[in-house]
Amino acid sequence: MNNPLVQPDPGLFIWTILTFLVLVALLAKFAWRPLLAALDRRHQLIAKSVEDAERARQELERVRQDAAKLLADARIEGESIVARSRTAAERLGEEMRQKAAAEAAGILTKAEREIQLETSRAIEQVRREAVELSVEIASKILHRAVTPEDNRALIEDTIKQIGGTRH
């Protein structure tokens with residue numbers, strides 16, 4: 001049994017090689033070059049995407065650092081504002097305490113002056129009444145009337161004497 005497909009035939013062998021080479025040439029020209037060009041374009045697109053992603057990552061990192069710096073600056077500024085506010089509040093409180101102390105001292109001084117003035121008036125009034133009483137008693141003892149001018153002169157002399165012995 002002689003199968004012609006199994007038997008080596010040099011003509012068929014040459015034609016098969018020629019067909020294969022023509023097919024390889026046609027594939028190289030029409031399929032592989034466009035396929036390789038498409039692969040190259042795809043490779044370039046992927047490389048460009050990777051570069052863009054790296055640039056975006058770097059930009060994102062820069063933006064993150066800028067945001068962190070802004071946040072730190074804002075925190076520092078906030079702390080500064082709080083410190084200035086606290087200092088201003090303490091200063092205002094101290095000013096108010098000093099003002100209140102000064103007002104209290106002024107009120108106290110005024111009250112002391114008024115007390116001294118009223119005390120002096122009261123002492124003067126008591127002296128006058130004491131002198132008038134003394135003059136009345138003396139006039140009753142002497143049984144004679146003392147004129148208002150005499151009375152006034154006696155009051156002033158007595159006040160001077162009492163004032164002189166007091167100081």
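Patches are made of residues with over 30% relative accessible area and no salt bridge, and nonpolar side chains are joined within 5 Å. The figures below show a predicted model.

**Figure 1. A nonpolar patch on the surface.** Seven side chains are shown: Phe13, Ile14, Trp15, Ile17, Leu18, Phe20 and Leu21. They form a nonpolar patch on the surface. Together they have about 780 Å² of accessible area. Leu21 is found in helix H1, which covers residues 10-142. The relative accessible area of Leu21 is 49%. Leu21 is therefore partly exposed.

**Figure 2. The whole chain, for orientation.** The chain has 2 helices and 0 strands. Its C-alpha atoms fill a box of roughly 195 × 30 × 25 Å, taken along the principal axes. The radius of gyration is 62 Å, whereas a compact globule of 167 residues would have one near 15 Å. Buried residues make up 4% of the 167 residues. The chain exposes about 14800 Å². Carbon and sulfur atoms supply 64% of that area.

Figure 3. A salt bridge is counted when a side-chain nitrogen of Lys or Arg is within 4 Å of a carboxyl oxygen of Asp or Glu. By this rule the count comes to 11 salt bridges.

Figure 4. Glu54 has 34% relative accessibility, so it counts as partly exposed. Arg57 has a relative accessible area of 46%, so Arg57 is partly exposed.

Figure 5. Glu61 and Arg64 both belong to helix H1. Their spacing is 3 residues, about one turn of the helix. Glu61 counts as partly exposed because its relative accessibility is 30%. Arg64 is partly exposed because its relative accessible area is 47%.

Figure 6. Glu118 is partly exposed, with a relative accessible area of 44%. Arg121 counts as partly exposed at 48% relative accessibility. Both lie in helix H1, 3 residues apart, about one turn of the helix. A further view shows Lys48, Asp52 and Arg55. Salt bridges that share partners join these residues into one network.

**Figure 7. Leu154 in helix H2.** Helix H2 covers residues 148-166, and Leu154 lies in it. The relative accessible area of Leu154 is 39%. Leu154 is therefore partly exposed.

Key:
Residues numbered from 1 in each chain as written. Predicted model: local features only at pLDDT ≥ 70, side-chain atom pairs only at ≥ 80, totals over all residues. Heavy atoms only, no water. Patch = residues over 30% accessible without salt bridge, like charges linked within 9 Å, V, L, I, M, F, W, Y side chains within 5 Å. Areas by Shrake-Rupley, 256 points an atom, 1.4 Å probe, with all protein chains shown as cover. Helix = DSSP H or I, 4+ residues; strand = E, 2+ residues; numbered from the N terminus. Buried < 20%, exposed > 50% of the residue type's maximum accessible area, 1.4 Å probe, protein only. Rg over C-alpha atoms; globule rule 2.2 N^0.38 Å.
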